[in-house]
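Please keep the sequence and the model in view while reading.

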Amino acid sequence: LTMGLVRLVPRLTRAVPPTLAAVSLVSVLSSVLKLPATTLADLAGKEAFAGGLKVLPSFKVPAAFSALKTAPAAFLKVVLPYAATMACVGLVESLLTLQLVDGIADDGNRGSTRQECIGQGLGNLASGLTGGQGGCALIGQSLINVEAGGTSRLSGMVMAGGLAAGLVSAAPLLGRIPIAALVGVMLLVCKQTFSWSSLRLINKIPKVDLFTIALVSTVTVTKDLAQAVFYGVVASALGFAWKQSTRIKATSSVPTGGWKTYAVDGPLFFGSTSTFSNQFDPKSDPNDVIIDFKSSRVVDHSALESINELARKYGDLSKKVHLRGLSSDCYQLLERLNGASTDYELMEPSSEDPIYEVAEDYSKYGTISVPRKDAAPPAEPEE
């Protein structure tokens, strides 16, 4: 009934927000017809809706803070896990709500994530010092505000002020609102916020993404949003690493000179080192092999070590590897790692070499110049 009224009221009048009208009508019908509906007062207790000025908070330092002086370690051990969880959940939900509202309003203005985070932190601090509970942006209330035409921050302030005034002056009436009416509103919010068109893409999106969506949804319902986000990030990172590890390949060619050339394509990092090594055949290759990294990128220390290990395999067979197409810092890092070994040769740098930085601690290798895009390309060797 509530969901139907929310759809019907805008067709009759725009003077009253449809959600407010729907909840009010359902509450009146429930009271007049004496329906056996569970109300807010039944759920929260009549004392929560007693009303009057006594429900307003007063500034005071929570009594639990006294334990911070006597046993700070024990206090923080209890408080920090809950504080971190609430902060993560609050920030994620607020930022997602901000993104949703920006997309629905579509008025050319974008909310500031920095202001939202700072404001939420200050508001929760003030709430704790006045005996209240922490909170964050409400996706349901925000959506209701936007659909009713309230797209500015004033709409949120009016909602908060109206709620406070209602708790003070009309708390017994608010306590008689049926839970079912509010559930109807939230079901309508879920219906409007869910991207139904995404169901058509289930058979088209990667299986890793589908697994991540199911994992995050399950953990959100069974645990909390903070853990769901953590598991989702880990699953996405592992899936991305697996996908990238299978992208690397080496295409071989043998020009007239007799030297075999491997053109490497794809990122070389800790997850793709095994696939990279399997692309070569040291026993069958000629005595001189060129490995061209122009279309690749050496990402981390594991990639450097895999190049060294591959060169040692060729060196054990009295063959030499010639490397080219590396970033300038790769040349320098490999020279430091190579030492006195002669298993491979670093070919002369070219102006066509890619420019990037290896994820490595340069301080361990002495003086390593960081490659820069605005730096002048190295001079070509004279004939």
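## A buried aspartate and its partner

Aspartate 285 is buried, because its relative accessible area is 3%, and a residue counts as buried when that value is under 20%. The model in which this value was computed is a predicted one, and that should be kept in mind throughout the report. The side chain of aspartate 285 meets the side chain of lysine 260 in a salt bridge, with a distance of 2.8 Å from N to O. Lysine 260 belongs to strand β2 (residues 260-268), while aspartate 285 sits in the loop between α13 (273-277) and β3 (288-298), so this pair ties together parts that are 25 residues apart in sequence. Lysine 260 is buried as well, with a relative accessible area of 15%.

## Two further salt bridges

How many salt bridges does the model hold when a side-chain nitrogen of Lys or Arg must lie within 4 Å of a carboxyl oxygen of Asp or Glu? The count comes to 3 salt bridges, and one of them is the pair of lysine 260 and aspartate 285 described above.

Another salt bridge is formed by arginine 324 with aspartate 292, and here the closest N and O atoms are 3.4 Å apart. This pair links distant parts of the chain, since arginine 324 is in strand β4 (residues 320-324) and aspartate 292 is in strand β3, 32 residues apart. Aspartate 292 is buried, with a relative accessible area of 16%, whereas arginine 324 counts as partly exposed at 30% relative accessibility.

A salt bridge is also found where the side chains of glutamate 309 and arginine 312 meet, at 3.1 Å from N to O. Both of these residues, glutamate 309 and arginine 312, lie in helix α14 (residues 301-316), where they are 3 residues apart, which is about one turn of the helix. Glutamate 309 is partly exposed, with a relative accessible area of 38%, and arginine 312 is partly exposed, with a relative accessible area of 38%.

## How α5 and α6 cross

Helix α5 (residues 72-105) and helix α6 (residues 113-129) have axes that come within 10 Å and cross at roughly 140°. The two helices, α5 and α6, are therefore oblique to each other, because an angle has to be over 145 degrees to count as roughly antiparallel. The crossing in which α5 passes α6 is right-handed.

Two residues of helix α5 can be looked at individually, namely leucine 76 and valine 79. Leucine 76 is partly exposed, with a relative accessible area of 38%, and valine 79 counts as partly exposed at 33% relative accessibility. From C-alpha to C-alpha, leucine 76 and valine 158 are 36 Å apart in space, and they are 82 residues apart in sequence. Valine 79 and leucine 33, in turn, are 46 residues apart in sequence and 47 Å apart in space, again from C-alpha to C-alpha.

Which residues make the nonpolar surface patch of about 600 Å²? The patch is made by Leu1, Val28, Leu29, Val32, Leu33 and Leu35. Among them, valine 32 lies in helix α2 (residues 18-32), and this valine 32 is exposed, with a relative accessible area of 60%.

## Two residues with a positive phi

Most residues other than glycine have a negative phi, which is why the backbone angles in this section deserve a look. The phi of lysine 34 is near 55°, a positive value in a residue other than glycine. Lysine 34 lies in the loop between α2 and α3 (40-44), and at 70% relative accessibility lysine 34 counts as exposed.

Serine 318 also has a positive phi in a residue other than glycine, with a value near 60°. Is serine 318 buried or exposed? Serine 318 is exposed, because its relative accessible area is 67%, and residues count as exposed when this value is over 50%. The place of serine 318 is in the loop between α14 and β4, and α14 is the helix in which glutamate 309 and arginine 312 lie.

Terms used. Residues numbered from 1 in each chain as written. Predicted model: local features only at pLDDT ≥ 70, side-chain atom pairs only at ≥ 80, totals over all residues. Heavy atoms only, no water. Patch = residues over 30% accessible without salt bridge, like charges linked within 9 Å, V, L, I, M, F, W, Y side chains within 5 Å. Areas by Shrake-Rupley, 256 points an atom, 1.4 Å probe, with all protein chains shown as cover. Helix = DSSP H or I, 4+ residues; strand = E, 2+ residues; numbered from the N terminus. Buried < 20%, exposed > 50% of the residue type's maximum accessible area, 1.4 Å probe, protein only. Axes fitted to C-alpha atoms, helices over the stretch in contact; angles between N-to-C directions. Parallel < 35°, antiparallel > 145°, perpendicular 65-115°, else oblique. Left-handed = near helix turned anticlockwise from the far one by under 90°.
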